Amino acid sequence: MGISQYIKEIGRGPRGAKPLTREQATDLFGQVLDGTVTDLEIGAFCLAMRIKGETAEEMCGFLDATHARMALLPASDRPLVVLPSYNGARKLPVLTPLLALLLAREGLPVLLHGMRTEARRILASDVLEALGVPALTAPRKVADGAVAHIATGLLHPGLARLLAVRQTVGLRNAGHSAVKLMNPCAGAAVVVTSYTHPEYFEMLQNTFSAMGMNALLSRGLEGEVAADPRRTPRYDAFVGGAHHVLQEQEPGTASEVPGLPTEIDLPTTADYTRRVLAGELPTPPALTRQVEHILHITGQTATAAMPETQP
C-alpha cells in the first residue's frame with residue numbers, strides 16, 4: 001500500500017503539515033516496522049516528522065504499532081522497571097547502570113534496553129557488561145532483584161533498522177521517541193523516561209495518559225533517564241494513565257558531586273559504579289531520590305494490578 005498518502009499530510013512543512021489520527025499513525029508506523037516500504041519513503045517519513053513534531057495521538061499510534069509487533073518479556077513477579085538507554089555519556093559519566101543496580105538492590109526487576117546510534121559514546125550496556133551483567137540473547141522473565149539488558153533488535157528488528165537511519169541522515173526520528181516510551185513487558189511495568197526540551201512535556205504527558213501507562217517522567221541527563229546528579233528536577237508520575245506531580249523542580253546546580261569522576265570512559269565509569277554500590281563512595285542524592293520515586297510508583301502499580309477481594 002505504501003505510506004505516500006501519509007507523507008503528503010505530514011510533509012508540508014511546519015505550517016502546512018496536518019496531524020495524523022491514531023489509526024493512521026498506527027498503520028504508517030506498522031508499515032515502516034514491517035519493512036514493506038521503500039528506503040526513500042522511510043527517509044521522507046523521518047525528515048517530515050522531524051520537522052513537524054509528533055502529536056500525542058500520533059505517538060499513541062506509533063506505540064500501538066510497536067506493542068503489537070514487539071517480542072515481549074514475560075511478566076515479572078513485581079512490576080518491571082523499564083529503563084530505555086540510547087544516548088550514553090557525552091560530558092558526564094552515564095549513570096543509568098547505577099540507577100538500574102540501585103533499583104535491583106531494592107528487590108525490583110529491572111530491564112534496560114537500547115542500542116548504539118552514535119559511534120563514540122559510552123553506553124549503559126557497555127558499563128553493565130564491564131560489571132559482569134551479560135546481555136540477554138532473547139526476551140525472558142526478569143527475576144526480582146535482577147538487572148537485565150537487551151538490544152533493541154531482539155525486541156523488534158524493524159525498530160533497530162529505523163533507529164539506524166540516524167547514522168545516514170544524522171538526525172533523530174520518531175523511532176527514537178517511541179523506544180523511550182514503549183513497554184516491552186507482557187505484565188505490569190513502570191517506564192522511566194525523560195525529556196530534554198520543555199516543549200515535549202505536554203505531548204509526553206498526554207501520551208502516557210491516553211495509553212493508560214505507568215511511568216516516571218523527568219528532565220534527563222544528556223538524553224539518559226538517570227537523574228542529573230547536580231540537580232533536582234520535577235518528577236511526574238503516571239499510574240494507569242493518572243497523572244500526579246511527585247516533586248517540583250528545585251533551583252540551583254551543584255558545582256561538584258562528591259566522588260563523581262570527571263572522566264567518562266568505560267573503566268572509570270564501571271569502577272565508580274562498583275564503588276558506590278560497595279559503599280566506598282556516596283550515592284548521589286539525586287539518584288537516591290529518583291529510586292524512592294520509582295519505588296513509590298511500582299508500589300502503586302502493584303496495588304492497582306491486584307484483583308479486588310470479594311467480601
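The model is predicted, so local features need pLDDT of at least 70 and side-chain atom pairs count only at pLDDT 80 or more, whereas totals for chains, interfaces and linings use all residues. Residues are numbered from 1 along each chain as its sequence is written, and side-chain values use heavy atoms, with hydrogens and water left out.

**Exercise 1. Helix α4**

Solution. Helices are DSSP runs of H or I with at least four residues, strands are runs of E with at least two, and both are numbered from the N terminus. Next, accessibility is classified: buried means under 20% relative accessible area, exposed over 50%, and partly exposed in between, with a 1.4 Å probe and protein chains only. After α4 comes Gly-53, with a positive phi near 85°.

**Exercise 2. Helix α9 and Thr-66**

Determine which helices pack against the buried residues of α9, and list the contacts of Thr-66 beyond four places in sequence.

Solution. Helix α9 covers residues 157-164, and its buried residues are Gly-158, Leu-159, Ala-160, Leu-162 and Leu-163. Contact means heavy atoms within 4.5 Å. The buried residues of α9 pack against α3 (22-34), α4 (39-52), α5 (56-69), α8 (152-155), α10 (166-169) and α11 (174-179). Thr-66 is located in helix α5 and is buried, at 2% relative accessibility. Leaving out residues up to four places away in sequence, Thr-66 touches Phe-29, Leu-33, Leu-159 and Met-182.

**Exercise 3. An aromatic cluster**

Describe how Phe-29, Phe-45 and Phe-62 form one aromatic cluster.

Solution. Rings of Phe, Tyr and Trp (its six-membered ring) pair if their centres lie within 6.5 Å; planes under 30 degrees apart count as stacked, over 60 as edge-to-face and the rest as tilted. The count by this rule is five aromatic pairs. One of them joins Phe-29 and Phe-45, edge-to-face, at 6.3 Å centre to centre with 70° between the planes. Phe-29 lies in helix α3 and Phe-45 in helix α4, so this pair ties together parts 16 residues apart in sequence. Phe-45 is buried at 0% relative accessibility. The ring centres of Phe-45 and Phe-62 are 6.0 Å apart and the planes stand at 85°, so this pair is edge-to-face. Because Phe-62 lies in helix α5 and Phe-45 in helix α4, the pair ties together parts 17 residues apart in sequence.

**Exercise 4. Salt bridges**

Solution. A salt bridge is a side-chain nitrogen of Lys or Arg within 4 Å of a carboxyl oxygen of Asp or Glu. The count by this rule is eleven. Glu-58 is buried, with a relative accessible area of 0%. Arg-116 is in the loop between β2 (110-114) and α7 (124-130), and Asp-126 is in helix α7, ten residues apart. Arg-116 is partly exposed, at 31%, and Asp-126 is partly exposed, at 23%.
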